[in-house]
Structures are given as C-alpha cells and as structure tokens.
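Please look over the model below before reading on. My notes follow it as numbered points.

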Amino acid sequence: MKLVKNIAIALTAVAGLASASFGSAAGKHPMQMEWSFDGAFGQFDMQSAQRGWQVYKQVCSACHSLKYFRFRNLTDLGYEEDMIKAWAAEYEVEGEVDDAGDETMRAARPEDAFPNPFPNENAARASNGGALPPDLSLIIKARHDGANYVYSLLNGYEDAPADSHVPAGKHYNPYFKGGAISMAPPLAEGIVDYEDGMAATPEQMAKDVVTFLTYVAEPKLVVRHHMGLEVLMFLGILTIILYFSMKKIWKPVKAGRNVYEDKK
Ligand code: HEC
C-alpha cells in the first residue's frame with residue numbers, strides 16, 4: 001500500500017514538472033472570454049464583426065494578408081456592393097503581364113482575396129525584424145483555443161521580467177510561445193475610429209477583431225453548432241420512439257413468459 005502511495009506521489013511530481021516546463025515554453029494559458037459565437041445557441045455578433053473588419057483594415061492589414069477571404073465576402077457582414085468595390089480599390093494586386101513582358105499591378109476588385117501587403121517573403125521579413133507576419137485567414141483555427149489565444153496575445157504585452165532575456169527588436173508577451181514576439185503591440189487606445197461610435201479601447205478592438213477573424217476562418221461555425229443541437233434533439237426523440245416501440249414489441253413476449261411462469 002505504501003509502495004502504491006509512493007509511486008502515486010512520484011508520478012504526480014513528474015507530471016507537475018512536465019506541465020510546468022511545458023507551460024512556460026508553450027506560452028501562458030489564454031484568458032477565457034465569453035464569445036457571441038460560442039455554444040449551441042451562439043450567434044455571430046455582426047456589429048462586433050463589422051468593427052473587427054475596421055480594426056483589420058486600419059491596423060492589421062498593414063502586415064497581415066487574408067488570402068482565403070475575398071472582398072465580396074464582406075457582403076455577408078452586411079455591407080453594400082458599392083462600399084466593397086471602393087474598399088477593394090484601395091488595395092493593389094498583381095495584374096496581367098504587359099506587352100513588354102513586365103508584371104503590372106492593378107486595383108483589387110471584389111472577387112480578389114485580401115492581398116499580402118509585402119511583395120514577397122524577404123520583403124516581409126526585412127520589414128519585421130526577420131519574422132514573417134502569418135496570413136490570418138485561418139489563424140483562429142490554426143492555434144489551440146484560437147479566439148481566446150489571439151485575444152490574449154493582443155492584450156498580453158507586458159514589461160519583461162528582470163530574468164527574461166528578450167532580444168533587441170522583440171517584445172515580451174507571455175502568451176506567445178517562448179515569450180518574445182517580433183510583432184510590436186498593434187493596438188493602442190483610440191487607434192481606430194469606430195463608425196458606430198463604440199469607444200475603441202484595446203480590449204474592445206481585440207474582441208472585435210477576433211470576432212471578425214473567427215467569421216473569416218469559419219463563417220459556418222454557428223450553423224455547425226446549431227446542427228449539432230438539432231442532431232442531439234433528433235437522437236433524443238428517436239430514443240423515446242424506440243423505447244416505446246420496443247416496449248410494445250416485447251409486450252406479448254413478456255406476457256407469454258409470465259403466462260408460462262404462472263402455469264408452473
Ligand atoms: C507592423 C506589422 C504588424 C501589424 C500591424 C500587426 N502584426 Fe501581427 N504579426 C506581425 C509579425 C512580424 C508577426 C510574427 C511574430 C513572430 O513570429 O515573432 C505577427 C504575428 C501575429 C500573430 C501570430 C502569433 C502566433 O501565434 O504565431 C497573430 C495572431 C497576429 N500577428 C495578429 C495580428 C492582429 C489581429 C493585428 C491587428 C490588430 C496584427 N497582428 C497587426 C506583424 C504585425
């Protein structure tokens with residue numbers, strides 16, 4: 001018995017050590033937020049997604065592309081065709097090769113995806129201290145606990161503790177794997193002028209841009225959640241029907257056995 005207890009203590013200690021070291025290397029556990037799109041009854045908060053689009057457009061799109069999201073997908077967020085055309089035209093994408101064989105650029109159109117702001121990877125790295133700003137189309141799905149992670153990352157910049165060695169050009173952020181990130185804190189109070197008059201605090205902007213990016217990564221998320229609920233309800237009803245039909249089917253059999261037993 002004592003041996004079992006000792007083994008248990010040893011195992012707990014090893015697990016504790018393993019998780020402690022893993023914890024710091026993998027980044028701090030993200031803050032757990034409440035999201036409009038969570039759960040079986042969730043709905044995308046479209047106002048928030050629209051504000052998030054403003055944040056992406058005015059801040060993040062300077063460094064990050066959305067290669068799987070087309071300008072015309074903004075109609076699903078409730079925007080009109082004319083507005084979308086005008087926004088698209090603010091961006092440049094690669095055009096046709098001209099008669100002289102040179103590559104040309106043209107204004108983006110609604111059917112184009114959000115372009116990469118840098119002409120190539122080297123240019124992107126050169127502008128960002130050697131790091132590559134990733135495409136954000138699927139970032140919410142690509143990271144564990146994506147919505148909470150990106151929210152925490154955006155709000156998680158802190159002064160580096162004395163014992164941490166943050167290399168020059170990097171910023172201390174405990175939510176980022178390894179703790180030092182090349183992205184400077186992108187959000188500051190009032191950096192975006194919200195069309196709906198909402199106060200642009202860093203927390204609000206992070207929440208909105210995460211709602212927008214979740215929509216971009218999985219526009220059918222809410223539909224999928226609802227479908228899960230419908231399937232459960234269907235299975236529930238099916239179980240009840242099966243229960244009563246089984247009862248009915250077995251009734252004569254059971255009755256028969258009783259008769260037999262009665263006879264004995
Ligand atoms: C000035 C350029 C710049 C801006 C503006 C910027 N980022 Fe970044 N971002 C970067 C760079 C560079 C990296 C890569 C960091 C690294 O690998 O150290 C990055 C990485 C990220 C990551 C990935 C972190 C990971 O786990 O790998 C996310 C998410 C992100 N940015 C979100 C945003 C959002 C949302 C905005 C807008 C609010 C934004 N960024 C604005 C440069 C930028």
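This is a predicted model: local features need pLDDT of at least 70, side-chain atom pairs count only at pLDDT 80 or more; totals for chains, interfaces and linings use all residues.

1. Residues are numbered from 1 along each chain as its sequence is written, and side-chain values use heavy atoms, with hydrogens and water left out.

2. The ligand is surrounded by 21 residues (a heavy atom within 4 Å). The closest are Cys60, Cys63, His64, Tyr149 and Met183.

3. An N or O atom in the side chain of His64 is 2.8 Å from a ligand nitrogen. For Tyr149, a side-chain N or O atom is 2.5 Å from a ligand oxygen.

4. There are eight salt bridges (a side-chain nitrogen of Lys or Arg within 4 Å of a carboxyl oxygen of Asp or Glu). One of them joins Lys57 and Glu90, at 3.0 Å from N to O. Lys57 is in helix H2 (residues 46-58) and Glu90 is in the loop between helix H3 (81-89) and strand S2 (92-97), 33 residues apart. Helices (H or I, at least four residues) and strands (E, at least two) are DSSP runs, numbered from the N terminus.

Conventions: A polar contact is a pair of N or O atoms within 3.5 Å; within protein, one must be able to donate a hydrogen and the other to accept it, and residues adjacent in sequence count only if both atoms are side-chain atoms.
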